Amino acid sequence: MWVAGSRMVGRHLAKTLATVSLSVTLASGAVRPSSCPSILASGSPFSSCEFPLNFIMLGWNLTEENLHKKSRTSPYPGSNVERSKVPDEKVSWLVEWPEYSPVEYTAGAVLALPAWADPPVGERNFSPKFNEKDGHVERRSQNGLYEVEHGRPRNPAGRTGLAGRGLLGRWGPNHATDPILTRWKRDSKGNTVNHPISGKNMLQFVAIKRKDCGEWAIPGGMVDPGEKISTTLKREFGEEAMNSLQKSRVERQELEKDLHRLFSQEHFVVYKGYVDDPRNTDNAWIETEAVNYHDETGEIMDSVPLRAGDDAKEVKWVDINDKLKLYASHSQFIQLVAEKRGAHWSEEL
């Protein structure tokens, strides 16, 4: 019954809000604001009111010029598939485009039906409950309700030029986590380093170089069905930045102690919601929860050896500034961390 009515709900939201709020969330004890900030962009509405009430909502300045760019790039990752061209002015589903005919593509690895992937829509015994918690599979979006058309979820940020799921296992939202571990940059004497122009302390974060595309990124990954976000954050960081999968049982036990110390530090949620990711399609997309764990003294991180593993080719500490070129929306997440902690970001005063 929901599938039939979801299109109507989504259209009603679009007409009443006519906004996209890809909002960021910074931890605080504030009460819910009387009005929910939103920003007009080329896509269906994301209401910042959907986020937990113990977070302050800050608008992320996403405009038609920078929204939904990586989700339209070709060729599609890991393939030679070229997306149908989608001009900026026709990204939004609110714009009528009867001629729109996206390329259909779902990777063979997904069609092989591993444990992390859904069957094709319409297959017998597959009746997903979109916009709901479907058993152990989380099919709700961080950004509110999404439309379902002809049995398929529709990307709330707009057209991508590709139908199907690409490399993504789930129809609709595919939930991920991004642990951002930071420390203050220090000189050989242990003193914090200030930027010569801004005068602000400089932050560093743990970055990995992805094997699939060669871009630098935050070490993160997909949330397993039924898994807690806190567990995913630790697991993904351990696999990609500490090579936990190649450790012996004894080494993994010691590693677990290090991870517990790392992820017991002061932290805050940086962002929750849709991510402009090159793997996104019209029917499947990435949503993430990015969390910053900060080692104020640097003593904990100094004792933890970094070693690339799993999907990472390299791992290292990287200075945070506005010159960073990172995977997907990761640069924006890092900027939010720097601003929240009063650290250097840009030389423009």
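Buried means under 20% relative accessible area, exposed over 50%, and partly exposed in between (1.4 Å probe, protein chains only). The structure is a predicted model, in which local features need pLDDT of at least 70, side-chain atom pairs count only at pLDDT 80 or more, and totals for chains, interfaces and linings use all residues. Residues are numbered from 1 along each chain as its sequence is written, and side-chain values use heavy atoms, with hydrogens and water left out.

**Salt bridges: overview**

- Side chains of opposite charge can pair when their charged atoms come close.
- A salt bridge is counted where a side-chain nitrogen of Lys or Arg is within 4 Å of a carboxyl oxygen of Asp or Glu.
- The whole structure contains 20 salt bridges.

**The pair Lys69 and Asp88**

- Lys69 and Asp88 form a salt bridge through their side chains, at 3.1 Å from N to O.
- Both residues lie in the loop between strand 2 (55-58) and strand 3 (103-106), so the pair ties together parts that are 19 residues apart in sequence. Helices (H or I, at least four residues) and strands (E, at least two) are DSSP runs, numbered from the N terminus.
- Lys69 is partly exposed, at 34% relative accessibility, and Asp88 is also partly exposed, at 26%.

- Asp118 forms a salt bridge with Arg139, with the closest N and O atoms 2.9 Å apart.
- Asp118 lies in the loop between helix 2 (108-111) and strand 4 (133-134), and Arg139 in the loop between strand 5 (137-138) and strand 6 (148-149), so this pair ties together parts that are 21 residues apart in sequence.
- Asp118 and Arg139 are both buried.
- Asp118 also meets Arg170 in a salt bridge, at 2.7 Å from N to O.
- Arg170 lies in the loop between strand 8 (162-166) and strand 9 (172-184), 52 residues apart from Asp118.
- Arg170 is buried, as is Asp118.
- Salt bridges with shared partners join Asp118, Asp134, Arg139 and Arg170 into one network.

**Helix 3 and helix 4**

- The axes of helix 3 (residues 229-241) and helix 4 (residues 249-262) come within 10 Å and cross at roughly 125°. Axes are lines fitted to C-alpha atoms, for helices over the stretch in contact, and angles run from 0 to 180 degrees between N-to-C directions.
- Helix 3 is therefore oblique to helix 4, a class for angles that are not under 35 degrees (roughly parallel), over 145 (roughly antiparallel) or 65 to 115 (roughly perpendicular).
- Lys234, Phe237 and Gly238 in helix 3 are in contact with Glu256, Leu259 and Leu262 in helix 4, where contact means heavy atoms within 4.5 Å.
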